[in-house]
Amino acid sequence: MLQLEIDSLSAIKFKLEIPMSINCPKCNSKTKPFNFEADLFFDRCEDCKGMWMDKGELASTSGSTNDFPDPNTITSGSPGTKNCPKCLGDIRLSEVLFMKANNILVDVCKRCEGIWLDSKELSQLQAILRTHRIEQKKKYFSGKS
Ligand SMILES: [Zn+2]
Ligand SMILES: [Zn+2]
């Protein structure tokens, strides 16, 4: 009886924590949930180590409210060759400049606003978002005085 209870509990936990796996837009492998921190899970491809972030997830890793320093950039860019792993149908990810001041291109779905990141891009983008947030604060305070 006790064993049964433990089993059903862990089954529930398993269900809650594991996001539905998607196909990597780059190599088409199934993604696995990657525990980024605390209760943040991302879909990560085991082969290329790329990661899929739903809208708002990138922002949440850096204490921002917007995934992009300038949210208008999402509508720019032209469709590339990868398909959105979340949207049904052939929705292409657009290659969008993360920030005008640098040359980092990220793959964004204009429909669901999810982002596909290469393995090395996450830390770069987090750093940019954090710096951007500090600058915004400085502007805000200097504007007040
Ligand atoms: Zn991959
Ligand atoms: Zn999409």
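Figure 1. Buried residues come to 21% of the 145 in the protein chain, where buried takes 20 or more other C-beta atoms within 10 Å of a residue's own, with C-beta atoms placed from the backbone. This is a predicted model, where local features need pLDDT of at least 70, side-chain atom pairs count only at pLDDT 80 or more, and totals for chains, interfaces and linings use all residues. Residues are numbered from 1 along each chain as its sequence is written, while chains are lettered from A and ligands numbered from 1 in the order in which they are written. Of the contacts with a separation of 6 or more, 40% link residues 24 or more positions apart; a contact puts two C-beta atoms, placed from the backbone, within 7 Å.

**Figure 2. The run of elements.** The protein chain has three helices and seven strands, going α-β-β-β-α-β-β-β-β-α from the N terminus. Both kinds are DSSP runs numbered from the N terminus: helices are H or I of at least four residues, strands E of at least two.

Figure 3. Seven strands line up antiparallel in the order 1-2-3-7-6-5-4, pairing meaning at least two DSSP bridges between two strands.

**Figure 4. Close-up on strand 5.** Strand 5 (residues 92-97) runs antiparallel to strand 4, joined by three bridges. Here P79 has S94 as its bridge partner, and S78 sits opposite E95. Strand 5 also pairs antiparallel with strand 6 (residues 105-108), over four bridges; S94 turns up again, with V108 as its bridge partner in strand 6.

Technical notes:
A residue is buried if 20 or more other C-beta atoms lie within 10 Å of its own, exposed if 12 or fewer, and partly exposed in between; C-beta atoms are placed from the backbone.
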